[in-house]
Each structure stands twice: as structure tokens, then as C-alpha cells.
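Let's take a friendly walk through this two-chain model, one element at a time. Have the structure open beside you as you read.

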Amino acid sequence: MPMSRRGVLLLTALILIAGGGWIAATRVAEPARAGLSPAPQVSHPAPDFTLTTVNGETLTLSELKGKSVLLNFWATWCPPCRAEMPYIQAAHEAYEGAGLVVVAVDVQEGREKVSQFARELGLTFPLALDTTGQASTTYQVRAFPTSFFIDREGIIRSTFTGPMTSPVLEERLRSIMQ
Amino acid sequence: MYPTLQLGPLALPTGPLTLILGFWLFLASGARRAAHKGLDGDHVYNAGFYAVLAGLIGGRIVHALRYWDAYAAQPMLLLSLNPGALAATEAIAIAAFAAWLYLRRHGVPLASLFDALAPGAALALALADLGQFLSGDAFGMPTSVPWAVTLWGADRHPAPLYQMAAELAIAAWLWRPRRPGRNAGWAATECLFLYSSSRLFLDAFRADVFLLPGGLRGTQVLGLIGGLIALALAYLQAGTGDPAPEAGANL
């Protein structure tokens, strides 16, 4: 039943006092914010991995701290992955000098197939081979392509599932390029 | 977690799936309850249709204006089906405005309509929280309670499920039979107050909300503000005990 005005005012006072007190009492302490465990989620440290690239080099994600990282999971058989690669290549060329590192992780395919794909599309950024699928499992990749945008502190600032166009890339790169 | 629902060769994302289902239930419930109040239930579906259309178009236009260089270089991107290429906040605001324009143009009493929509809104929010729980997009603070779920390297409060339970309770409360002669808009005010209060209290158990300076959870502050707005509306509706007939009011 509708309340009287006096009742509303009393409830307002109660909400202000109790609500404000509860917000203050349950605020997140600094150590809790800093101690988030690695997870493939926004605001969490990006889980680390070490993979081999198509060029035979070893790539460890944690060694890229200090750089902005676009981590992209893909496969050669995936049409949306093929569609977005030119945009990723363009971003690599545009922002490499500003500290962006693109790491494209191919999931469970052979070196030769990935190398051929890269030659066809003129890709020049690092292509890592997740031959066992361990990295994609760690990142809970359910669909291709899936991208994670990691800032210079190693914190995931944005994720995207599906093919990215240049405006979408631009928007998400801004969150890690500052 | 279950971010996808596997149906044969199809892998359907649970988050968007629950959002779509929730939106449909919101419209269906609202249309039915509106008809019980003597309003034309088709207005609910029509307003929903125009809201979605305006939101998609407006959200794309704002996104294009924001990243004009990219769209100017490839104009066909304006027609891209990529849902990520939308200015989400602006899309929601444009959708709400379009719905308001439609309803105002057809003279629909908004207060009565919002009363009709309130229970379905709570139910839709409950489904959305279920989707967030299944996808792992929303998660709680670390805890040692027996019902904790293991996610992202820790045992956590199933915070989205707490919120879902609150929203189901709100929906049940709003769906109860009411005495005739209640002020139009009261059920909507109740919904806003109860939902805001639930966020104010339950978001203390969440670990994924945005933080304000000092570690204050932004959504709890928004819940407090929402509750105060609801109380302001209640103050305006509060009388001396003689309930006004449910005539509705155009905003």
C-alpha cells in the first residue's frame, strides 16, 4: 500500500544511513584489488604461457610486460579469423612503434599450414603455435576468433569474441595504448 | 562455467541467449499485464520493436562518428553485422527515447504501462544474471562458504545467483494480486526501489564491478541513488490515505 509522506522520509533517512554505511563497510581494500588471480577476464592479470612461433622462437607472454598486447586466438579453417586478419595486420603496422605487440595464437595446427596462411595474407606479426591447446584452454576460448587486450601492466582491459573490424579494434586498442 | 550451450553443431553463447530470452519475456509479460489494465498490449511489442531498431541504428551511427576515420576508409562497415561495432550506452539511451516517443505519440499512459512492465523487468533481469553466471562474466569475492563456486583461481560467492534470487523474489512480489484503486506508477516505483536496494546490498559480494576512488563499488552507489529516486517518486505519490484512481500520467 502507498506509504505516507512521513513514512517515506523515515525510510529515506534509513536508506541513506544504512546504505551509505554498508557501502563504506564493504569497500574493496587495496590489497584485494592488487591480488587478483590471473584469469581470462577483464581487470585480471593475463594468465602466462610459453609457446613457440612459426619462426622457431620462444614467446612468453609475461616477458611482454611493459608493452601493450593484442592476444588473438585463431585457426586457418576459421573464415571470420581470415576476415579480421587484414585489420589486425594494419593495427600492427600502425601501432608497433607505439609499443603494441600482436600475438596471434594458432590453435592445434601445424607450422607449415600456419606459415602458408601468413604468406598468403602478408602477416608480419608473431604467430605462436598452441599445438597442445593448453593456452586456449587456459584462456577458455570457446569460439574463434577470440581476442584479449592486455595493458602494459599485464592486466586484461578488454576482450572480444568474433571477427573485429577496424573501428572495433580501434576502440579496444585505446584501452591498452594509454 | 558454461559460456556456450552446445546444440549439435551449434555453440550458442549463454550470455546473449539469456538476454534475448529475457527481453522476449519482458515484452510478453508486459503486453499481457497491460491488457489486464485496459491498455492495448500491442503497444508494448511495437515500442519494443522500435526501441531495438532505433538502438541498433543509433548505436552504429554514434560508433561511426566516434571512429570516423575507420568508417570513412571502409563505408561498408556501416552495414556490418558485428554487434561489437555499436556504442552500447548511447544505443540504450536512443532505444529508450524511441520507445518513449512511440508511447507518447499513441497516448499510452506511461505510469500504468510501467506498472504492467515491472514484474517482467525483474524476471528479465534475473535471466540476465543467470546468463552472466553461466558465462563467468560476473563473479563474486573469494570466500570459504560451503556454497562457494570455484572460478578464476579462487572459491567465490556465486554473486550473480544471489542477485537472480533477489530479482525472482521482486518479480513474485510485484506479480501478487493487488487491491484496485492503487496509484498508477506505484508498482514501478516499488520495482525501482527493491531492485536498487538489492544492488546496494548484494553487490558487496561481487568482485567484477567498477570501483570508485577509495575502493567503493560503483554499482552500490548507483543502487543507493536509484533507491533515493524511487523514494522521491514515492513521496510525490504519497497522499493522505485516499488512493488516487489508476488514471496514468504522460511523462
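## A parallel pair in chain A

In chain A, strand β3 (residues 68-74) and strand β4 (residues 100-107) pair in the parallel sense, over 7 bridges. Strands here are DSSP runs of E with at least two residues, helices are runs of H or I with at least four residues, and both are numbered from the N terminus; two strands pair if DSSP finds at least two bridges between them. Ser68(A) stands opposite Leu100(A) in β4(A), and Val69(A) has Val101(A) of β4(A) as its bridge partner.

Before going further, please note that this is a predicted model, in which local features need pLDDT of at least 70, side-chain atom pairs count only at pLDDT 80 or more, and totals for chains, interfaces and linings use all residues. Residues are numbered from 1 along each chain as its sequence is written, while chains are lettered from A and ligands numbered from 1 in the order in which they are written.

## How β3 is enclosed

Is β3(A) buried or exposed? Because 7 of its 7 residues are buried, β3(A) is largely enclosed by the rest of the structure. (A residue is buried if 20 or more other C-beta atoms lie within 10 Å of its own, exposed if 12 or fewer, and partly exposed in between, with C-beta atoms placed from the backbone.)

In a regular strand the side chains alternate between the two faces of the sheet. Both faces of β3(A) are covered: one side carries Ser68(A), Leu70(A), Asn72(A) and Trp74(A), the other Val69(A), Leu71(A) and Phe73(A), and all of these are buried.

## The sheet around it

β3(A) and β4(A) belong to an open sheet of 7 strands with mixed pairing, in the order β2-β1-β5-β4-β3-β6-β7 (chain A). The edge strands are β2 (58-60) and β7 (156-161) of chain A, each pairing on one side only. From one strand to the next, the twist averages 30°.

Helix α6 (residues 166-174) of chain A lies across β4, β6 (146-150) and β7 of chain A, and runs at about 160° to β7(A). Such angles run from 0 to 180 degrees between N-to-C directions, and axes are lines fitted to C-alpha atoms, for helices over the stretch in contact.

## Chain B and its helix pair

Chain B has 8 helices and 4 strands, and of its 251 residues 45% count as buried. Along the sequence the pattern is β-β-α-α-α-α-α-β-β-α-α-α.

Within chain B, the axes of helix α2 (residues 42-66) and helix α4 (residues 88-105) come within 7 Å and cross at roughly 145°. The contact of α2(B) with α4(B) has 17 nonpolar, 5 polar and 1 charged residues. (Ala, Val, Leu, Ile, Met, Phe, Trp, Tyr, Cys and Pro count as nonpolar, Asp, Glu, Lys and Arg as charged, and the others, Gly among them, as polar.)

Ala72(B) is found in helix α3 (residues 68-73) of chain B. Ala72(B) is exposed, with 10 other C-beta atoms within 10 Å.

## Where the chains meet

How values were computed: Contact = placed C-beta atoms within 7 Å.
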